[in-house]
Amino acid sequence: MTMILDNLRLATMLSGGAPYGLIDGAAVAIEGDRIAWAGPSAEAPEGERMDMGGRLVTPALIDCHTHVVFGGQRAREFEMRLNGASYEEVAKAGGGIVSTVAATRAASEDALVAQALPRVDQMLAEGVGTIEVKSGYGLDIETELRMLRAARRIGSERAISVVTTFLGAHATPPEYKGRDDEFLAEQVIPALRAAHAEGLVDAVDGFCEGIAFSPAQIETVFAEASALGLPVKLHAEQLSNLGGAAMAARHGALSADHLEYLDAEGAAAMATAGTVAVILPGAFYTLRETQLPPIDALRAAGTEMAVATDCNPGTAPMTSLCLAMNMACTLFRMTPEEALAGTTRIAARALGLSDRGVIAPGLRADLAVWEAREPAELAYRVGPTPLHKRIIGGTLVA
Ligand code: DI6
Ligand code: FE
């Protein structure tokens with residue numbers, strides 16, 4: 001049975017042709033969970049037609065960098081800082097990443113799922129069809145596994161694909177203070193092995209930063225990922241330039257993320273390796289960072305750029321991928337077309353997925369139908385852009 005979505009403004013997001021791969025007066029044929037055909041209505045195959053009223057249709061959006069599974073929230077700490085408390089005072093009051101680790105350790109798998117779902121629902125309401133979810137707030141074997149199991153469950157409780165990333169090397173927990181290497185050897189590596197054995201890991205990430213782990217420390221985790229046949233990615237050059245992105249590129253990383261302090265050499269190394277630059281304007285905004293990511297250097301090097309929310313309780317308490325696109329344009333001067341490619345075609349590449357991100361025959365029928373006409377509308381508004389419907393795996397869902 002072929003379903004024909006008819007009367008569309010279709011942004012296929014295929015590169016090399018019209019901007020956004022735009023086709024006016026278009027139709028898409030769907031068979032099962034796949035796109036069978038896409039093109040001008042007049043040439044559409046036979047099937048059951050659904051008139052979409054001239055609405056804009058894009059690939060379902062992909063949020064390729066989130067920490068959407070976590071316990072608690074950090075609004076009180078936000079307030080303390082704005083009332084003049086220092087970083088140390090916040091930390092002494094139990095704030096910071098450690099407070100999220102404590103709340104996550106205290107939460108059952110059911111509680112983690114229940115707390116994440118409202119955030120996920122906000123993402124769905126903006127046309128998202130695939131999210132990446134990282135561990136990294138457990139920082140012990142048991143809780144890292146529980147976070148990943150909760151992440152996987154989101155994919156069965158909602159019409160969404162979930163890609164899981166192991167981020168054991170996110171921070172050193174209090175019980176290992178000053179003993180980073182022991183933490184990596186005794187908790188992170190064993191947790192990675194156990195999570196992989198349970199089929200819970202699609203990729204391996206780390207936080208490479210002065211306040212987190214050095215490139216050499218991250219490489220011990222990447223060596224284990226490689227032994228297990230898992231792809232890697234990295235939080236790199238967010239607060240300083242440690243050469244993390246170039247190191248990740250040497251390991252064939254899918255992506256290096258944040259990158260405010262990336263230099264031209266790092267951008268070139270990423271382009272050569274095909275490592276995607278994941279731009280995260282929500283964290284830049286929340287931290288009131290002033291160093292802009294080197295968008296011009298990335299463009300000049302030919303490094304592909306994705307855009308994501310980084311949804312997390314500390315540095316990016318946001319769920320709106322359309323707002324992330326708006327910030328990427330307004331704060332970083334990316335174009336609306338780059339921003340939309342960054343949440344579709346390039347976001348899929350950042351996750352190593354070749355079956356989605358553009359509208360073409362054979363790919364997954366994951367589509368977003370918008371109450372909009374112009375592709376630039378998705379990045380233009382400050383806040384969510386109205387969605388009409390999502391089609392996920394060929395099925396119409398809210
Ligand atoms: N970079 C960040 O900005 C967050 N994690 C990371 O690797 C911080 C996470 C938090 O503060 O909870
Ligand atoms: Fe992150």
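Modeller: Gladly! Let us begin with a term: a salt bridge is a side-chain nitrogen of Lys or Arg within 4 Å of a carboxyl oxygen of Asp or Glu. This is a predicted model, where local features need pLDDT of at least 70 and side-chain atom pairs count only at pLDDT 80 or more, while totals for chains, interfaces and linings use all residues. Residues are numbered from 1 along each chain as its sequence is written, chains are lettered from A and ligands numbered from 1 in the order in which they are written, and side-chain values use heavy atoms, without hydrogens and water.

Colleague: How far apart in sequence are the parts that E338 and R299 tie together?

Modeller: The side chains of E338 and R299 meet in a salt bridge, at 2.7 Å from N to O. E338 belongs to helix 13 (residues 336-342) and R299 to helix 11 (residues 295-301), so the parts they tie together are separated in sequence by 39 residues. Helices here are DSSP runs of H or I with at least four residues, strands are runs of E with at least two, and both are numbered from the N terminus.

Colleague: Is R9 buried or exposed?

Modeller: R9 forms a salt bridge with D24, with the closest N and O atoms 2.7 Å apart. R9 lies in strand 1 (residues 2-11) and D24 in strand 2 (residues 22-31), so the pair links parts that are 15 residues apart in sequence. Buried means under 20% relative accessible area, exposed over 50%, and partly exposed in between, using a 1.4 Å probe and protein chains only. D24 has 45%, so D24 is partly exposed, but R9 has 10% relative accessibility and therefore counts as buried.

Colleague: How many salt bridges does the count come to?

Modeller: One more example joins D140 and R105, at 3.3 Å from N to O. There is also a network of salt bridges linking E109, D110, R153 and E157. By the rule above, the count comes to 26.

Colleague: Which backbone oxygen does the side chain of T104 reach?

Modeller: T104 sits in helix 3 (residues 97-106). Its relative accessibility is 0%, so T104 counts as buried. A polar contact is a pair of N or O atoms within 3.5 Å; within protein, one must be able to donate a hydrogen and the other to accept it, and residues adjacent in sequence count only if both atoms are side-chain atoms. At 2.7 Å, the side chain of T104 reaches the backbone oxygen of T100.

Colleague: What share of the area of ligand 1 does the protein bury?

Modeller: The residues around ligand 1, meaning those with a heavy atom within 4 Å, include R74, H170 and F207. Oxygen atoms of ligand 1 lie 2.7 Å from a polar side-chain atom of Y137, and 2.9 Å from an N or O atom in the side chain of T315. Taken alone, ligand 1 exposes 320 Å² (Shrake-Rupley method, 1.4 Å probe; for residues, only the protein chains shown count as cover). Of that area, the protein buries 94%.

Colleague: Is I211 buried or exposed?

Modeller: I211 lies in the loop between strand 9 (203-206) and helix 7 (215-227). With 67% relative accessibility, I211 counts as exposed.
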